[in-house]
Amino acid sequence: MKQNEMWIVRTILLLLLCVLVLAGCGTKDSRTQEADSGKKTVQNESASSGSNAEKTSPDASGAKDAANANNVSGTEQGSREDTNARGNGSAREKELLDLTKMSSTTVFAEVYNMMTDPDSYKGRMVKMKGTCYAAKDDASGKTLYACVIKDATACCSQGIEFKLKEGFSYPQDRSTVTVQGMFTTYQQGKMTYACLKNAELK
Amino acid sequence: MSLIMTLIEKLAFYLQYPFVRYALVVGLLIAVVSSLLGVTLVLRHFSYIGDGLSHVAFGAMSVAIVLKLSHRMFLILPVTVLCAVILLKSGQGRKVKGDAAVAMMSVGALAFGYLTVNVAGASANVSGDVCSTLFGSTSILTLTAAEVTLCAVLSAAALVLFLLLYNRLFALTFDENFARVCGINTELYNLILAIIIAVIIVLAMNLVGALLVSALIIFPTMAAMRLFESFRAVTVASAVISVICALVGILVSVLAGTPVGSTIVIADALAFGLSMPAARLRGGMS
Amino acid sequence: MEQLRCSNLSVGYGEHAIASGLNFSMHAGDYLCIVGENGAGKSTLMRTLLGLQKPVSGQMAFSPQIQKNEIGYLPQKMHAQRDFPASAGEIVLSGLQGKTGRRPFYRRSEKAEARRIMHRLSIGDLADKSFRKLSGGQQQKVLLARALCASGKILFMDEPVTGLDPEAAREMYAMIGELHRDGMTIVMISHDILSAVKYADHILHIGDAGFFGRKEEYLCSETGKRFLNQREVSCDEPDHDAD
């Protein structure tokens, strides 16, 4: 009976476990704890764009996907860890978040994270590649453009609105685009929306 | 060689993102505790309970979504624990009695959950939430910091409990009647076990989704049982296999862009598939 | 010293009694065999005595000096245990669970005790072997070792030799006899009536014509004679009836 060995194995496992948990805890200290539901963003504009798209384009299901996807953050709560270490916040803010280099699973996850905790990503340059969806916003009468990505199984999709720099023309609806812009949020009425501003097409 | 270098570079690239690191830490912890739980459940012929409880948890999550709860776990955990206690109590350890009850609860909760979310769901992203909850396509990568902490703490607590109760659990799993004759309070331990089962199922849902939770519980144990003969060896092997498969699954899905839950389960299935020829080889050699 | 007394005990499931009107008592150092037809309620009685089932009616009481962790139990062979991945040593050690109290791990002395018991039953070299790969006789010895780890004073056994080949059965009886000589109280259910009357000193016959008393009385009683098929067995002068 090797119960003594078992005891040693158990102790080692316990220590490993503590190490694991501590490693995970280490970066949490720099986390901003935001539990305020008011700060959560609802990517709503494509809901209205979705309903408009149904009028303007025959492919209602595709637009509905985009509409569904962009309301991801409606009920999501909780604190998000700041991707940047507190110390060099401003330096990292300028660092490019290049989603084009990531696999579809991680892109989807990262966009989801951006939608549920936009304050952590404000000011970052984001580059993403997806399908451009154009829709008319009933409230303002303007046409909004979003870059939409699908997850690995292509059953869910979500996207971020982008506003190009002055003088640039918007791409065609349903075309594949690569967009780079600064992630930011803006208020419209009671809702907060996220978008990539000063964007360029790449 | 260059392929490996590219892979390592890509991995390093991904690992700089906190959400990937957290997914790995939490995912591996969950893999360990669910495989340890699996050893007890499989040997007591309770494997189906994992499936039933995960569907109940899905139903509870749907209600939480509809009610726009800020911390869904506060609803999901108690509901699942309650159902676990009810199921195990009514079964009284006899597998035949409980299976119909579990099946009804399981299917009813799944249908209820999906109906609730569709009819009363406030979020327009119904398919996204449901998809992720059922199949775990990206759920481990999109945990909030609070959820990460909760998952890590609960997994750690469950692991410590398993280590402390290892001998008791062995006696109970091997021969519950004998344990009772010895004077062990089997009712109490079954209650504790029910609570642990519920908690681990809810955690495991974050990793592979409600529909695939059973895989996390069953495959590592079955693979380990083919390879080893003593309870201690089976337990340790089960945990090791589960961790390796979860690690491989998460890394492959992150690198190749596949859904996380299914990739982990495929890795587990492969491990089980490989365990059979491996066992034969071992049998041939010894 | 009296260890157990049962008065008018009825055992069964729920309200339905399988065996009733049982009156018997057990003293330290007794070797009691419980015999009877199939379905008479022998196993049910043993389960009731061990606290696994509630009696339908009647009284049953252990002496206050007997603790729960001084009673050992060797149950009938269970199919579920056949495929359980465990080493013989782990199973024997689990018999000590009743004695560890709140301690999560076994003491060195406890492990040594388990090893000693295994050596006594000549299965010391099987400690690391897989239980499911052992022969029937060896498995029973492992379970007996487990029961010994759990017991101190009384050993309950439910058909310990059923399914064993004659050699293994003989060995088992020899071991049980040795334990009895060392002071253990033995309570055994057995289908093997001839061996039962050979080794036991008390017989409890459950069935239509119940009997409790010393073996010698049983051999001369109507019940005993009928059950033993009127074989040639030595019978003392007719004694008083059983208690």
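The structure shown is a predicted model.

**View 1. The order of helices and strands in chain A.**
Followed along its sequence, chain A has the pattern α-α-α-α-β-α-β-β-β-β-β, with five helices and six strands in the chain. Of the 202 residues in chain A, 42% are buried. When contacts in chain A between residues at least 6 apart in sequence are considered, 69% of them join residues at least 24 apart.

**View 2. The largest nonpolar core and the surroundings of Ala57(B).**
The largest nonpolar core holds 211 residues, and the members that touch the most others are Ala57(B) and Ile197(B). The element that gives the most to this core is helix 2 of chain B, residues 18–43, with 17 residues. Chain C also takes part: its domain 1 (1–66 + 154–213) and its domain 2 (76–152) both give residues to the core, which therefore lies between these two domains. Once neighbours within four places in sequence are set aside, the contacts of Ala57(B) are Ile76(B), Thr80(B), Ile201(B), Val202(B), Met205(B) and Ala210(B).

**View 3**
In chain C, three strands in the order 2-1-4 make up an open sheet with antiparallel pairing. Strand 2 (16–27) and strand 4 (57–62) of chain C are at the edges, and because each has a single partner strand, one side of each is left without a neighbour in the sheet. From one strand to the next, the twist averages 20°. Strand 1 of chain C, residues 2–13, runs antiparallel to strand 2 of chain C and is joined to it by eight bridges; within this pair of strands, Leu4(C) stands opposite Met26(C), which belongs to strand 2 of chain C. Helix 1 of chain C, residues 42–49, packs on the sheet and touches strand 1, strand 2 and strand 4 of chain C, while the direction of this helix makes about 125° with that of strand 1 of chain C.

Leu251(B) is part of helix 12 of chain B, which covers residues 231–256. With 20 other C-beta atoms within 10 Å, Leu251(B) is buried, since a residue counts as buried if 20 or more such atoms lie within that distance. Although Leu251(B) and Leu15(B) are 236 residues apart in sequence, their C-alpha atoms are 9.9 Å apart in space.

Terms used:
Residues numbered from 1 in each chain as written. Chains lettered and ligands numbered in written order. Predicted model: local features only at pLDDT ≥ 70, side-chain atom pairs only at ≥ 80, totals over all residues. Core = buried A, V, L, I, M, F, W, Y, C linked by C-beta atoms within 7 Å. Buried ≥ 20, exposed ≤ 12 C-beta atoms within 10 Å, placed from the backbone. Helix = DSSP H or I, 4+ residues; strand = E, 2+ residues; numbered from the N terminus. Domains from an automatic or database assignment. Contact = placed C-beta atoms within 7 Å. Pairing = 2+ DSSP bridges. Axes fitted to C-alpha atoms, helices over the stretch in contact; angles between N-to-C directions.
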